[in-house]
Amino acid sequence: MFSEQQERPGHEAMHTGATASAARPLRAMVLGASGFIGHHVVQALLADGAQVLGVRRPHGAAGTAPAPATLANADHDRLRWRFLPLHTVLEPAAWQAQLEEVDVVINCVGILRQRSGESYEQVHHAMPRALATACAAAGVRLIHTSALGLHEGAKSRFLSSKLRGEQAIQASGADHCIVRPSLIDGLGGFGASWLRMLAGWPVHFVPRGATGRIAALQASDLGQAYAVLARMPTLSGQREANLGGERLFAYREYLQLLRGVEHTEQPVAPALQVQLPDWMSRTGAHLCDLFRFSPFSYGHWILLQRDNMPLPNALPPLLGRAPLPVTHRRVALRDDFRLS
Ligand SMILES: NC(=O)c1ccc[n+]([C@@H]2O[C@H](COP(=O)([O-])OP(=O)(O)OC[C@H]3O[C@@H](n4cnc5c(N)ncnc54)[C@H](OP(=O)(O)O)[C@@H]3O)[C@@H](O)[C@H]2O)c1
């Protein structure tokens, strides 16, 4: 049985007794391993035989995190935890010890809203910049999670900090890949759960300006794509990976799909869709940010107005197959895998 470990930075090895040989398992450090994307990445890496060091934020006064639920016995020995407030690890020197015995770092960290002492700048830019510089020095590969639709001049600190994070990694000299997923569906996703809840309502309130197309993808496919990238001996041939499903949706169509209108056995009546004027959507986004309510933010309002699809889509070549479609059915994680 896996037991959660409380560890001080740099004071443990990811695995014991393993020597560097061709047969040695991949040693992957996953930042934000308890998050939506992060736990799908951990699951895929474990299924792939990797040794995984999951990094997550300390919770509570004692610096302990809630116990993870059961993992398959075979996986326990290959998953360890380290607890780090990553918004404080902002210098390359502070990353040096963290990178010992690590082949590849996968950064799945992000914040939807700033908190006291934890800014977009720290989490999305300064931390990845320091990490990338340290990875370059240590010869550790870096896979960084970003988002589609980032652009210069976006009047959102959420989006601009993510863009600066990308640019810092690109300038760092690290052997890196920047992964930009489209909208992700799957269990455990804050946005994904909200969208499914909203889709169930008989009336959908749809921002009129939400004309951008979405190439929604399954979180399990995304996790597998990361595992494929992590195995690559160098990422020099894959500096970017824009990932999405094969079908494109407008936001309003996506809500109807999640509702089940395309369900062949028991089709559900389409919801009545009411269009909201842009001023109302924008004000609503600011209010959501102010009251920290729902995944809808000003940054997401900006993203909804632009296409959010990968061109080209790196997901099919990485998986070696077509991506799983997103349907009204929820795809369950393996029953024995509940990290959070
Ligand atoms: N979900 C999507 O559809 C989607 C699509 C495209 C791109 N993305 C991007 O992918 C990234 C991850 O998204 P997600 O949906 O997986 O988010 P998530 O579920 O909120 O996971 C974020 C992870 O980052 C960790 N984290 C945040 N701040 C931290 C800190 N200061 N120290 C240590 N850990 C910290 C969180 O830990 P705690 O849980 O302890 O806070 C959590 O494990 C974000 O940058 C997001 O913008 C997401």
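The model is predicted. The ligand has a shell of 23 residues, and the protein buries 81% of the 890 Å² that the ligand exposes when taken alone. The sheet is open and parallel, with seven strands.

**Ligand site**

- Among the 23 residues around the ligand, those that come nearest are Phe 36, Ile 37, Arg 57, His 87 and Lys 162.
- By class, the shell around the ligand holds eleven nonpolar, nine polar and three charged residues.
- Two helices, α1 (36-47) and α5 (157-171), each supply at least two residues of this shell.
- Phe 36 places a backbone N or O atom 2.8 Å from an oxygen atom of the ligand.
- His 87 has a side-chain N or O atom 2.8 Å from a nitrogen atom of the ligand.
- Glu 118 has a polar side-chain atom 2.9 Å from a nitrogen atom of the ligand.
- Of the 890 Å² exposed by the ligand on its own, 81% is buried by the protein.

**Sheet**

- The strand order across the open sheet is β3-β2-β1-β4-β5-β6-β11, with parallel pairing.
- β3 (79-83) and β11 (240-243) are the edge strands; each has a single partner strand, so one side of each is left without a neighbour in the sheet.
- On average, neighbouring strands of the sheet are turned by 20° against each other, direction ignored.
- Strands β1 (residues 27-31) and β4 (residues 104-107) run parallel and are joined by four bridges.
- Leu 31 stands opposite Asn 107, which is in β4.

**Helix on the sheet**

- Helix α4 (residues 120-138) packs on the sheet and touches β1, β4 and β5 (141-145).
- The direction of α4 makes about 170° with that of β4.

**Backbone details**

- Most residues other than glycine have a negative phi, and most peptide bonds are trans.
- The peptide bond from Leu 311 to Pro 312 is cis, with omega near -5°.
- Pro 312 sits in the loop between α10 (298-304) and α11 (315-319).
- Glu 101 is not a glycine, yet has a positive phi of about 60°.
- The loop that holds Glu 101 runs between α3 (92-96) and β4.

Note on methods: Residues numbered from 1 in each chain as written. Predicted model: local features only at pLDDT ≥ 70, side-chain atom pairs only at ≥ 80, totals over all residues. Heavy atoms only, no water. Near = heavy atom within 4 Å. Polar contact = N/O pair within 3.5 Å; in protein donor to acceptor, adjacent residues only side chain to side chain. Areas by Shrake-Rupley, 256 points an atom, 1.4 Å probe, with all protein chains shown as cover. Nonpolar A, V, L, I, M, F, W, Y, C, P; charged D, E, K, R; others polar. Pairing = 2+ DSSP bridges. Axes fitted to C-alpha atoms, helices over the stretch in contact; angles between N-to-C directions. Contact = heavy atoms within 4.5 Å.
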